[in-house]
Amino acid sequence: MANKIIIGIDPDVGKSGCCIIYPNKEMFLFTLPFPELIEKIVNINTFNEVHVVVEAGWLNSKSDFSLYAGGRKMIPISEALIATKKAKNTGSNHAVGKLLIEMLKHHAIDVSEMKPLSKSRWHGDKCSREELNGVLERNGYATFKQNNQEQRDATLIALTYKGTV
């Protein structure tokens, strides 16, 4: 793994977050739509040894959706509509992740699935830019002035795979 390029991916229907970590600790963050992401990874893999790690939310054991609170009482319609939309988006993102893995395997690219990371280590539900920069500084990586949540998630996936986080 020391000479491999590690690519972490947070799959999303619109644009997936991506973090590329080179063996010299050079790091690039971006978001790309599905076809461009596949193309970029295939091109990198042409001249380098690559391992891709995809966040696999479908590996979570708790992924059911119910309109009943505690199995007894229906929740308000406004909450049900929000929950339905969220469940649909989550399912779509899972499909993107599974298709991404299938495409990478088709191109003979080394790929693995990773359960989403625990959210309990961050101040809020998600890792902030400042929290990510703290992790990067402690581990000898350059920090970033700008990044979005998908890029931060992809970075944490890649760093966790490397055993850094």
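Is F28 buried, partly exposed or exposed? Select F28: its relative accessible area is 38%, so F28 is partly exposed. Here buried means under 20% relative accessible area, exposed over 50%, and partly exposed in between, with a 1.4 Å probe and protein chains only.

Before moving on, note that this is a predicted model, in which local features need pLDDT of at least 70, side-chain atom pairs count only at pLDDT 80 or more, and totals for chains, interfaces and linings use all residues. Residues are numbered from 1 along each chain as its sequence is written, and side-chain values use heavy atoms, with hydrogens and water left out.

The structure holds one aromatic pair. Its ring centres, in Y22 and F28, are 6.0 Å apart, and the planes meet at 90 degrees, so the pair is edge-to-face. (Rings of Phe, Tyr and Trp, the last by its six-membered ring, pair if their centres lie within 6.5 Å; planes under 30 degrees apart are stacked, over 60 edge-to-face, the rest tilted.) Y22 is partly exposed, at 24% relative accessibility.

Next, select K25 and Y141. The charged end of K25 sits over the Y141 ring, 4.9 Å from its centre. K40 lies over its face, 5.2 Å from the ring centre.

Last stop: M114, in strand β7, residues 110–114. (Strands are DSSP runs of E, at least two residues, numbered from the N terminus.) M114 is buried, at 14% relative accessible area. Beyond neighbours within four places in sequence, its contacts (heavy atoms within 4.5 Å) include V53, L59, I157 and Y161. Pick W58 too: its C-alpha is 9.7 Å from that of M114, 56 residues apart along the chain.

Technical notes. Helix = DSSP H or I, 4+ residues; strand = E, 2+ residues; numbered from the N terminus. Lys NZ or Arg CZ within 6 Å of the ring centre and 35° of its normal.
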